[in-house]
Amino acid sequence: MDQWKFDKRIFSLRSFLGAVGEMVRCHREVREAVKAGRVDKAFAERIMLAVTRVNGCRYCTYAHSRAALREGVSQEELNRLMAGDFKAVPQDQVVALHFAQHYAETEGRTDPEARRTLVETYGEDKARDILTYIRLITVGNLYGNTFDALLSRFAGRPAPGSNPFSEVAVVLLGAAGSVLALAVVPLVKLAGALRSWCRDPRRGA
C-alpha cells in the first residue's frame, strides 16, 4: 500500500488572505529593501534559498537557484546551502541565514533572542530588510506548495487538513493578483513619470 502523503506547508484561504494583507501593509518596507541595497542580490538569494530549503517549494528552489548562480554564488556553495550547510557562505551572512532557517522551521514564531541577535549583528535597517526578504519568499513558498497540493489532490493524495475549495481559491487568487500586478505596476510608473513631467518648471519654456 502506498503510504506517501503530501506534507509540505501550504496556505489555507484565510492564511493566504492574511499574508497578502500583510504584504500590502508592508509594501513600503518591500520597496525600501529592494531600493536601499543594504542586502545585495546574492545575499538576498541566499536568504531566500535558506527559507525555501525548509519549506520545500520546488518552483522557488529552481528559480532562486538559477538566480543565485547568476549573482555569482558557486555551484558548490549552492549545493551546500541547499543541504543546510552554511560553511561556504560569506561569514558576515551566516547569522542571517540561520535566522532565515529558524523563521521557516518555527513558521514565523521566532525566538526573541534570535531576533535580538539579528538586529545586533546587522542593525535595525538591515535586519528589517532581511526579515522582509524572508517574509516575501515564505509567501512564494507556500503559494507554490499550495499549487502542488492541488496537483496532489488530483492524483488522489490530498494534503491532510486541506480542502479543494481552499486550494483552488488560493491558486486562482494568486494568479489573478500576479496578472493585476503586471498590469498595474507599469501604469503606476507611467503615472509617476507624467506627474514629474507636469511639475517640471522647464516644460513650456
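The expected span of a helix is 1.5 Å times one less than its number of residues.

**Entry 1: ground rules**

I am working with a predicted model, where local features need pLDDT of at least 70 and side-chain atom pairs count only at pLDDT 80 or more, while totals for chains, interfaces and linings use all residues. Residues are numbered from 1 along each chain as its sequence is written, and side-chain values use heavy atoms, with hydrogens and water left out.

**Entry 2: the overall fold**

I looked up the secondary structure and found eight helices and zero strands. Helices (H or I, at least four residues) and strands (E, at least two) are DSSP runs, numbered from the N terminus. Along the sequence the pattern reads α-α-α-α-α-α-α-α.

Next came burial: of the 205 residues, 35% count as buried. Buried means under 20% relative accessible area, exposed over 50%, and partly exposed in between (1.4 Å probe, protein chains only). The accessible surface comes to about 12300 Å², and 58% of that belongs to carbon and sulfur atoms. These areas come from the Shrake-Rupley method with a 1.4 Å probe, and for residues only the protein chains shown count as cover.

I also checked contacts, meaning heavy atoms within 4.5 Å. Among contacts between residues at least 6 apart in sequence, 71% join residues at least 24 apart.

**Entry 3: helix H6**

I noted the buried residues of H6 as Val 94, Ala 96, Leu 97, Phe 99, Ala 100, Gln 101, Tyr 103 and Ala 104. They pack against helix H3 (41-55), helix H5 (75-81) and helix H7 (112-154). Just after H6, Glu 107 takes a positive phi of about 55 degrees.

**Entry 4: helix H3**

I ran the length check again here. The 15 residues of H3 should span 21 Å, and the end C-alpha atoms are 21 Å apart, which agrees.

How many of the 15 residues of H3 are buried? Twelve are, and H3 is mostly covered. Among them are Phe 43, Glu 45, Arg 46, Ile 47 and Asn 55. The buried residues of H3 pack against H4, H5, H6 and H7.

Then I looked at the two ends. Asp 40 caps the N-terminal end of H3, with a side-chain oxygen 3.2 Å from the backbone nitrogen of Ala 42. That is a polar contact (a pair of N or O atoms within 3.5 Å; within protein, one must be able to donate a hydrogen and the other to accept it, and residues adjacent in sequence count only if both atoms are side-chain atoms). Just after H3, Gly 56 takes a positive phi of about 75 degrees.

**Entry 5: the nonpolar cores**

A nonpolar core is a set of buried Ala, Val, Leu, Ile, Met, Phe, Trp, Tyr and Cys residues joined through side-chain atoms within 4.5 Å. Which residues have the most contacts inside the largest core? They are Ile 47, Ile 130 and Ile 134, in a core of 33 residues. H3, helix H4 (58-70), H5, H6 and H7 each give two or more residues to this core. I followed Ile 130 and found that it touches Val 39, Phe 43, Ile 47, Ala 96, Leu 118 and Tyr 122, not counting residues up to four places away in sequence. A second, separate core of seven residues includes Phe 11, Ala 19, Met 23 and Leu 142.

**Entry 6: aromatic rings**

A search of the whole structure gave four aromatic pairs. Rings of Phe, Tyr and Trp (its six-membered ring) pair if their centres lie within 6.5 Å; planes under 30 degrees apart count as stacked, over 60 as edge-to-face and the rest as tilted. The rings of Phe 11 and Phe 16 have centres 5.3 Å apart and planes at 70 degrees, so this pair is edge-to-face. Phe 16 and Tyr 143 form a tilted pair, at 6.3 Å centre to centre and 35 degrees between the planes. This pair links distant parts of the chain, with Phe 16 in helix H1 (residues 13-25) and Tyr 143 in helix H7, 127 residues apart. Phe 16 is buried at 6% relative accessible area, whereas Tyr 143 is partly exposed at 23%.

**Entry 7: two stops in helix H8**

Ser 166 sits in helix H8 (residues 164-199) and is buried, with a relative accessible area of 5%. A polar atom of the Ser 166 side chain lies 2.9 Å from the backbone nitrogen of Leu 13.

Gly 174 is also in H8.
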